[in-house]
Amino acid sequence: MSDKAIFLDRDDTLIEDPGYINDPEQVKLMDGVPEALIQLKNLGYKLVVVTNQSAVAHGIVTEKVLGDIHDRLKQLLVENNAFLDRIYYCPYHPEGVVPKYRKESNSRKPGPGMLLQAADEMDIDLGQSWCIGNSSRDIEAGLRAGCKTILIDMPPSRQKQLSSPVLPAGVSPDYRAVNIKEVVNIIKKHLRSSSEQEKKIQPTLTDETALTSEADVQVSDLVEPTKQINAQQPALETIEPETKPTKLKIQQSEQNIPTDKTEELLSGILVQLKNMQRAEMFGEFSVMRLLAGVVQIVVLFCLLVTVWFLMSPERQDNLVFIALGFAIIFQLMTLTFYIMQGKK
Ligand SMILES: [Mg+2]
């Protein structure tokens with residue numbers, strides 16, 4: 001029986017990307033990567049890195065140094081009890097300066113070559129596998145190989161630096177995530193949802209009422225793994241399994257209603273709010289944020305005390321001003337903590 005795998009992009013997915021990395025000392029794991037890889041491994045997936053390394057073709061790094069960089073990556077992961085099964089890289093680029101590596105290659109993402117090679121060499125079932133990355137090339141390579149795909153959205157600050165959109169028209173990932181922690185969450189929910197759907201099939205066949213009410217769910221799920229690279233549908237969002245049928249029904253009904261610009265604007269705002277909420281949910285724990293929350297509670301307490309002094313029959317203005325003063329001071333502290341957390 002074939003294995004299933006998670007194909008992972010390297011730069012800005014597993015390690016920070018300062019540009020071209022040409023020294024093992026530059027390798028720095030991104031937040032939450034070892035923990036995420038451990039969880040994905042525990043779900044039964046092989047972990048395979050597939051990375052474009054045109055720096056080799058451009059003469060910036062040799063294959064020997066690239067090997068050292070990947071050894072450093074594996075070492076950092078092992079120190080955190082995480083392990084990769086294999087790393088595939090494509091050193092080619094059509095405009096490279098090193099003749100040996102100057103060529104087009106199907107292995108270079110968005111080509112699916114590395115994924116297909118891994119499937120062949122490691123006996124991987126691509127239909128059960130996922131391709132994860134932060135660029136359209138990762139998504140396109142995964143789609144062309146027949147995998148499910150998750151795009152890790154770049155922070156807005158990075159997106160502004162790009163001259164072209166992250167996702168060109170027609171490239172649509174199955175899911176989007178704010179970071180690798182949410183990737184794990186999406187895959188877990190997908191697996192849970194799939195097993196629940198399998199369980200539902202038997203009761204559905206014997207219960208006509210259930211068959212009618214759940215017909216939309218089954219149709220939606222058949223449509224869900226969007227693999228058509230040229231599909232016109234916008235990227236699917238992360239969908240809670242519990243609410244998926246409802247959301248998909250809404251999407252279906254929306255197809256019959258002409259959408260004007262206001263609706264597009266509102267849905268855009270909704271997506272941004274969801275992303276912000278997810279970023280909060282899967283963000284790193286912050287001492288500053290915790291302090292801000294605690295001090296904010298103290299502010300509310302001071303305001304309550306102020307009101308109590310105001311309502312008191314033996315009202316003393318001095319005490320009211322003191323309590324109000326403390327509330328203002330603590331509120332300023334809260335704002336300071338939030339600002340410091342944002343600049344972390
Ligand atoms: Mg990348």
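## Contacts of I132 and the nonpolar core

I132 touches I6, F7, L8, D9, T13, I150, I152 and V183 when residues up to four places away in sequence are left out. The structure is a predicted model, and this residue belongs to its largest nonpolar core, a set of 56 residues in which I6, F7, L115, I132, I150 and V183 touch the most other members. In soluble globular proteins, nonpolar side chains tend to be buried together.

Six strands form an open sheet with parallel pairing, and their order is β3-β2-β1-β4-β5-β6. At the edges lie β3 (86–90) and β6 (175–177), each of which pairs on one side only, and from one strand to the next the twist averages 20°. Strands of a sheet pair through backbone hydrogen bonds, either parallel or antiparallel.

Five bridges connect β3 in the parallel sense with strand β2, which comprises residues 45–52; within this pairing, V48 has R86 of β3 as its bridge partner. Helix α4, made up of residues 113–122, packs on the sheet and touches β1 (4–8), β2, β3 and β4, while its direction makes about 145° with that of β3.

S135 is located in the loop between β4 (130–133) and α5 (136–145). This serine counts as buried because 22 C-beta neighbours lie inside 10 Å, where 20 or more are needed for that class. Although S135 and I152 are 17 residues apart along the chain, their C-alpha atoms are separated by 7.8 Å.

## Backbone features in the loops

The peptide bond that joins K109 and P110 is cis, with omega at about 20°, and P110 itself lies in the loop between β3 and α4.

D12, in the loop between β1 and α1 (33–42), is not a glycine and yet has a positive phi of about 65°; with 16 other C-beta atoms within 10 Å, D12 is partly exposed. N81, placed in the loop between α3 (63–78) and β3, also has a positive phi, near 65°, and is likewise a residue other than glycine. N81 is classed as exposed because 11 other C-beta atoms lie within 10 Å, and the limit for that class is 12 or fewer.

Key
Residues are numbered from 1 along each chain as its sequence is written. This is a predicted model: local features need pLDDT of at least 70, side-chain atom pairs count only at pLDDT 80 or more; totals for chains, interfaces and linings use all residues. Helices (H or I, at least four residues) and strands (E, at least two) are DSSP runs, numbered from the N terminus. A nonpolar core is a set of buried Ala, Val, Leu, Ile, Met, Phe, Trp, Tyr and Cys residues joined through C-beta atoms within 7 Å. Two residues are in contact if their C-beta atoms, placed from the backbone, lie within 7 Å. Two strands pair if DSSP finds at least two bridges between them. Axes are lines fitted to C-alpha atoms, for helices over the stretch in contact, and angles run from 0 to 180 degrees between N-to-C directions.
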